Amino acid sequence: MTLVKKMTALGAFTLERDDLVAISQRIASCIPKSFCVETDRPVVVSVDGTFKSGKKIFADYGRAALLNVGADDFEFYRWGNYPRDNNDLIEVKTLGERILCRGVNDYDEYAYRVANDNGLDVSFINLAWGSHSFGDNLDPKASLMAHFARRMTGGVVFVHNANTEFMAPDIEIRIEADYGDKQVNGGRRICPDVLRILG
């Protein structure tokens, strides 16, 4: 019997940042834990879209939902302050969880929940940048492979700005932003023409 992977496309219209936060948390919470156990085959979530559309929200809040901690409870090195050696782990203890963080904020981030029987690795890489904790000026495919090699166990990888020709994501997210400063339902929102978009 052949198992056929059926892709289902879903759409959502958001008005504010909190909507993206809620969607990212729901998507992450729908990933079965049994899918996150294979070290060599993490769940790959591809996030692509327009500039400053909120793509990073999916990694930040999806990671927090998967590890069951707050989105601000992680600590990563800033670019320029990264020690390129084996002593790059930052230990964070939060809400009873022990999290090991490594990598460069907004470039490549790794968060590993330390647990006796329930370790989980949730990472992020932005392939639009050529500089990462593992090296500089690698092509996007080589950067992705190097990122996978630094992971500790199974889990989830959020890949931003990827060319899906060299990877097969399990979940694809495309986010478009239309900026403006209009009044919608009595409040300031960033969408300039709701009726046109709802169509």
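In this predicted model, Arg78 sits in the loop that runs between helix 2 (55-67) and strand 2 (90-94). Arg78 counts as exposed because its relative accessibility is 52%, and the cut-off for exposed is over 50%. Apart from its neighbours within four places in sequence, Arg78 is in contact with Val104 and Asn105.

The phi angle of Asn68 is positive, at about 60 degrees, although Asn68 is not a glycine. Most residues other than glycine have a negative phi. With a relative accessibility of 58%, Asn68 counts as exposed. A positive phi is also found at Asn161, a residue other than glycine, where the value is near 60 degrees. Asn161 belongs to the loop between strand 8 (155-160) and strand 9 (171-175).

Ser24 is part of helix 1, which covers residues 17-29. Ser24 has a relative accessible area of 2% and is therefore buried, the cut-off being under 20%. When neighbours within four places in sequence are left aside, the contacts of Ser24 are with Ile57, Phe58, Tyr61 and Gly62. Between Ser24 and Arg63 the C-alpha to C-alpha distance is 9.1 Å, for a separation of 39 residues in sequence.

Two cysteines were examined for burial. Cys36 has a relative accessibility of 6% and so counts as buried. Cys101 is likewise buried, because its relative accessible area is 0%. A disulfide is a covalent bond between the sulfur atoms of two cysteines. With a disulfide taken as a pair of cysteine sulfur atoms within 2.5 Å, the count for the model is zero.

The structure holds one cavity of 30 Å³ or more. The space in the largest cavity amounts to about 40 Å³. Its lining consists of Leu89, Leu100, Arg102, Tyr110, Tyr112, Asp121, Arg150, Arg151 and Met152. By residue class, the lining of the largest cavity is made up of five nonpolar and four charged residues, with no polar ones. At least two of the lining residues come from strand 3 (97-104), and at least two from strand 4 (108-114).

At the level of the whole protein chain, there are four helices and eleven strands. The protein chain has 199 residues, of which 42% count as buried. Among contacts in the protein chain with a separation of 6 or more, 62% are accounted for by residues 24 or more positions apart. The protein chain has an accessible surface of about 11,700 Å², and carbon and sulfur atoms make up 50% of that surface.

Definitions and conventions. Residues are numbered from 1 along each chain as its sequence is written. This is a predicted model: local features need pLDDT of at least 70, side-chain atom pairs count only at pLDDT 80 or more; totals for chains, interfaces and linings use all residues. Side-chain values use heavy atoms; hydrogens and water are left out. Buried means under 20% relative accessible area, exposed over 50%, partly exposed in between (1.4 Å probe, protein chains only). On a 1 Å grid over the protein atoms alone, a cavity is a set of points where a 1.4 Å probe fits but cannot get out, and a pocket is an open set with protein on both sides within 12 Å along at least five of seven lines; lining residues have an atom within 4 Å of a point. Grid points are joined across faces, edges and corners, and a volume is the space filled by probe spheres set on the points. Ala, Val, Leu, Ile, Met, Phe, Trp, Tyr, Cys and Pro count as nonpolar, Asp, Glu, Lys and Arg as charged, and the others, Gly among them, as polar. Contact means heavy atoms within 4.5 Å. Accessible areas come from the Shrake-Rupley method with a 1.4 Å probe; for residues, only the protein chains shown count as cover.
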